[in-house]
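Q: Could you take me on a close look at a single part of this model? I would like to see how that part sits among its surroundings.

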Amino acid sequence: MALKVATEVPQRMKRFRDARDLGSNYLAAKQLANGSFEGAEAGAGAYWGIPIALFVGGNSNAANRLFSWIRKNAFTIDGDIGPSPGRPDIYHYAYEKSWLIEGAHRLAQFDLSQLGMDFMLRFWDPESGGFYSSPSDRNPDTKMDLWVTSGCARAALYTGNLDVARGAARWMKDLMEAQPNYPKQLYT
């Protein structure tokens, strides 16, 4: 039996595709000659979502140029991507990296994604399954946040770290069960 492949986007979905492509093309037009984007020297917080936005809109060459810039200018020997000067204690430090790890993996930039994930595992608490929301603190009072843990878990899935992703899922389940009024309210 022949596989029937959709060749036409339903009209109701066309606006989403068009918006995606317009955004991706807008970003591609803003890319600097060296592959980076304005403000990239401030760290990963300036470009964390750009590679995936470029990629999904058909601008994979532009995304790969950004990763080439990251490799040369922002990737540290220990796997960190673009430390943010002057912002060492931002609670979403790992979240920014998770998007870059996922983007690198989706674009077959495995040196970045694998070493980046190795770095990311420094944020993971195997006992609880959550990811710390601090770049440096690791104690019982260090916060773990739902969106930071979710982003890091997604990067773990992309890079094949299934035990880590399962641990994060366990942490999320525990968080959900601890809610006083779920699903009407969710404290992250």
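The part in question is helix 4, and the request continues below.

Q: Where does helix 4 run, and which of its residues are buried?

A: Happy to walk through it with you. Please keep in mind that this is a predicted model.

Helix 4 covers residues 93-106, which makes 14 residues. From its first C-alpha to its last, helix 4 reaches 21 Å, close to the 20 Å expected at 1.5 Å a residue.

Now for the surroundings. Because 12 of its 14 residues are buried, helix 4 is largely enclosed by the rest of the structure. The buried residues are Tyr93, Ala94, Tyr95, Glu96, Lys97, Ser98, Leu100, Ile101, Glu102, Gly103, Ala104 and His105. Their cover includes helix 2 (50-56), helix 3 (60-73), helix 5 (110-120) and helix 6 (146-158).

Let's turn to the aromatic side chains. The structure holds seven aromatic pairs. In one of them, tyrosine 93 and phenylalanine 123 have ring centres 6.2 Å apart and planes at 25°; with planes under 30 degrees apart counting as stacked, this pair is therefore stacked. Tyrosine 93 belongs to helix 4 and phenylalanine 123 to the loop between helix 5 and helix 6, so the pair ties together parts that are 30 residues apart in sequence. Both partners are buried: tyrosine 93 has 6% relative accessibility, and phenylalanine 123 has a relative accessible area of 1%. Phenylalanine 123 also forms an aromatic pair with phenylalanine 119, this one edge-to-face, at 5.7 Å centre to centre and with 65° between the planes. Phenylalanine 119 counts as buried too, at 8% relative accessibility.

Tyr95 forms one aromatic cluster with Trp48, Trp99 and Trp147.

Finally, have a look at what comes after the helix. Helix 4 is followed by alanine 108, which lies in the loop between helix 4 and helix 5. The phi of alanine 108 is near 60°, a positive value in a residue other than glycine. Its burial class can be worked out as well: buried means under 20% relative accessible area and exposed means over 50%, so at 48% relative accessibility alanine 108 counts as partly exposed.

To put the picture together, helix 4 is largely enclosed, tyrosine 93 stacks with phenylalanine 123, Tyr95 takes part in an aromatic cluster, and partly exposed alanine 108 follows the helix with its positive phi.

Technical notes: Residues are numbered from 1 along each chain as its sequence is written. This is a predicted model: local features need pLDDT of at least 70, side-chain atom pairs count only at pLDDT 80 or more; totals for chains, interfaces and linings use all residues. Side-chain values use heavy atoms; hydrogens and water are left out. Helices (H or I, at least four residues) and strands (E, at least two) are DSSP runs, numbered from the N terminus. The expected span of a helix is 1.5 Å times one less than its number of residues. Buried means under 20% relative accessible area, exposed over 50%, partly exposed in between (1.4 Å probe, protein chains only). Contact means heavy atoms within 4.5 Å. Rings of Phe, Tyr and Trp (its six-membered ring) pair if their centres lie within 6.5 Å; planes under 30 degrees apart count as stacked, over 60 as edge-to-face and the rest as tilted.
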